[in-house]
Structure formats: C-alpha cells, structure tokens
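Let's take a walk through a protein model together. Have the sequence and the 3D view ready, and follow along as we go.

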Amino acid sequence: MKQRAARRRSRLFGLLRAFRDAAAALPDALVAIDGHQHILWFNAAAGRLFGLLYPQHLDQRLGDVVALPGFIEWIEAGGVDALADVAAPGDPDVHLSLRLIPYAEDHALLLGRDISQVLRLEKVRRDFVANVSHELRTPLTVVHGYLDLIEPEQIPEFESILRELRNQSRRMTQIVEDLLTLSRLDAEETLPETRVAMGPLLRTLQRDADGLSRGRHAITIELDGEHDLRGSPKDLYSAFSNLVSNAVRYTPVGGSITIGWHSGPQGGRLGVRDTGHGISPQHLPRLTERFYRVSTSRSRESGGTGLGLSIVKHVLQLHDAHLDVASEVGVGSSFTCIFGAERLLQPEILAEEI
Ligand code: ADP
C-alpha cells in the first residue's frame, strides 16, 4: 500500500513538474495570482516582460510590482475585457495584449501575449493603403482633368463612352479620397476639438440632401435640445453627410428622409431616418466593414464607394460615440450616432442676448 502511494505521489509530482515546465516554456507571459492579487507563480516570459524577479516578487501584490497605467483598476474590475496594446514594463519595445482568466475558487491567471508583430503588420498594411491611394491621386487628377475638357456632345460617336469614362474616373477619385480619409482617421488617436453648432449643421445637411435629391424626396429636420457637440467639425460633417447621402441614394423617389438632433442630460443623438429599401438583419453587423455592400450593383449605380459607413464608424470612435442601425426591408432604415453627455456643450450665449 505504502509503496503504491509513494509511486502515485512521485507520478503526481512528475506530472506537476511537467505542467510547470511546459507553462514556463510558453512564449506568452503567465502570472498566477490569488484572490488578493498576490503572485503565486510566474513563468520566464512574465519575468522578462513584466520585469518580475524570482523569488523577490512572489507573494507581492501584482499591482504593486507591475507598473502600468490603469492596470490596478483593470484587475480590480475583474479584467473582463482584454487590455489591448500596452507597452511591456520590462521591455517597452514589446506590445502586449493582457487577459485575466479566472480559475479555481478565486484565483486568476494573467496572460500577456506579445502582439508587436501583429501591430507591425497592421502598420505595414495601413501604410501600404495610404501610399497606394496617395500615388493614385495625381494620375487620376490628370485623367479626370482631361476628360472634363472634352464635352461628350462635341464627339457624338463617342458620347456614351466619354460619359462612362467620366463617371468611372469620378468614382475612382472618390474611392481614393475615401481611402485617404480612412488612412488619416486610422492614424489619428484624437481629433481637433471645437464647438460644432448643431442647428446650422442640421440646416447644411438638409441643403445637401435637397441638392442630392433634386426634389425626389421629402426632406425634413427635427431639432430637439439646445446642446452643441464638442468635436472635429470637418469630420463630424463628413460622417453625418455620408448618412444623409446614403439615405437619399437608397430611398426610391417619393420617399421621405428625416435628419434629427436630440440632446438631453443622457447625451445626444444624430439620426438619419429614411423610408427606403431597408437592409435585412444578416447584413447589419457587417455594414461598417470596408467595401461591404448589401447590393454591389445598387451601390455602384448610385455612385457609392462602399467606404462611407466605415468612415462614419471611425469618426464616431474618435468622438467616443457609436453607430446604431435599425432597418426593415421595404420599410426603411434609421442610422443613429450616439454621443455621451460629456461630448455635449451648453448653448453659446451671444453678446446681444446678455
Ligand atoms: P456605399 O458607398 O456602397 O453606399 P456605405 O459604406 O455608405 O457604402 O454603405 C454600405 C452599404 O450599406 C451600402 O452599399 C448599402 O447596401 C447599405 N446602406 C447604407 N445606407 C443605407 C440606407 N440608408 N438604406 C439602405 N441601405 C443602406
């Protein structure tokens, strides 16, 4: 009996050592902590990336020895969402994605994954798109410029070809401009912030919609709340006018479009509602992906680039806001930009009102 128990114990120890050796050899940083965040164990990668020393840091509180902004608060909140892209305290050239994985009763495993290579590749992709778009801009401007010099009516035998050439070169120019806008927004962490007066902005959007629609739709504005927005006027205008242009392009003649701004203590909502074709539910989660279109032909015919909603998403992210889409096929769509209360500004009191 005794011998069998000893054999089993030694087998268990062997197994435990093998697990520890395997975990120690992982390239990802691993730190086991108890319910009071005391360090129970860590592997070699955690030592290197978090700057942990063995055995000095064992039994120390993780938050006291790992110096990362917002780290303690993140752990105390249970580390529910991954903490993406943090510079490793032990090696600032390495970028980590952190996750907290609960195990046993109240223990947790801190997992730090080196994502430097992924981020580098992402930057290469971004730079490539920006460079290609930039390089295409000049030749396209030249082609477009020459095409504009020729009046199709002057050469009747090529009239339809010339018109098609003009359309396509205009489309290409728009795609390149949209890609450049996206590259700029991608590279930006913050945007310039000033007062965006919502009353005048809504009236400009209505004028734009009227210009695009040329009397084919009923276009109204709703202004409910006096607040303005704090943000980048140019980018917010670009996002909202994308929604307005979509509403006009995807609403058949005779339909109606409402552009509304509602603000209150909870925050602000800029909504564009239409009685257009609508979108079936399976497309809704993918609408803001680059070049995602519900119907490629309908988008092309209406002069779309497939990048509009992607721009909207990026602009809103940079304003700590998000897009909500509700739609029903054959009934219409409603695109709402939702801003937190911290983005609202009280109305400006003009000198003559004092
Ligand atoms: P596009 O330039 O093709 O309009 P967007 O990124 O602006 O690209 O929109 C993506 C797709 O979402 C569109 O191709 C269209 O299918 C759909 N969509 C966007 N807005 C509306 C709308 N108001 N009504 C119906 N479909 C829409």
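We'll start with the inside of the model and then look at a serine and a hairpin.

First, some ground rules: this is a predicted model, where local features need pLDDT of at least 70, side-chain atom pairs count only at pLDDT 80 or more, and totals for chains, interfaces and linings use all residues. Residues are numbered from 1 along each chain as its sequence is written, and side-chain values use heavy atoms, leaving out hydrogens and water.

A nonpolar core here is a set of buried Ala, Val, Leu, Ile, Met, Phe, Trp, Tyr and Cys residues joined through side-chain atoms within 4.5 Å; buried means under 20% relative accessible area, using a 1.4 Å probe and protein chains only. The largest core has 41 residues, and L229, F240, I259 and F339 touch the most other members. Helix α8 (233-249) gives the most to this core, with 7 residues.

Now find S133, which sits in helix α5 (residues 116-149); helices are DSSP runs of H or I, at least four residues, and strands are runs of E, at least two, numbered from the N terminus. Is S133 buried or exposed? It counts as buried, at 2% relative accessibility. A polar atom of its side chain lies 2.6 Å from the backbone oxygen of V129.

Finally, strands β11 (residues 322-328) and β12 (residues 332-340) run antiparallel, joined by 7 bridges. Two strands pair if DSSP finds at least two bridges between them. H322 has I338 as its bridge partner in β12. The hairpin has 3 residues between the strands, and G330 takes a positive phi near 80°.

Notes: Buried < 20%, exposed > 50% of the residue type's maximum accessible area, 1.4 Å probe, protein only. Polar contact = N/O pair within 3.5 Å; in protein donor to acceptor, adjacent residues only side chain to side chain.
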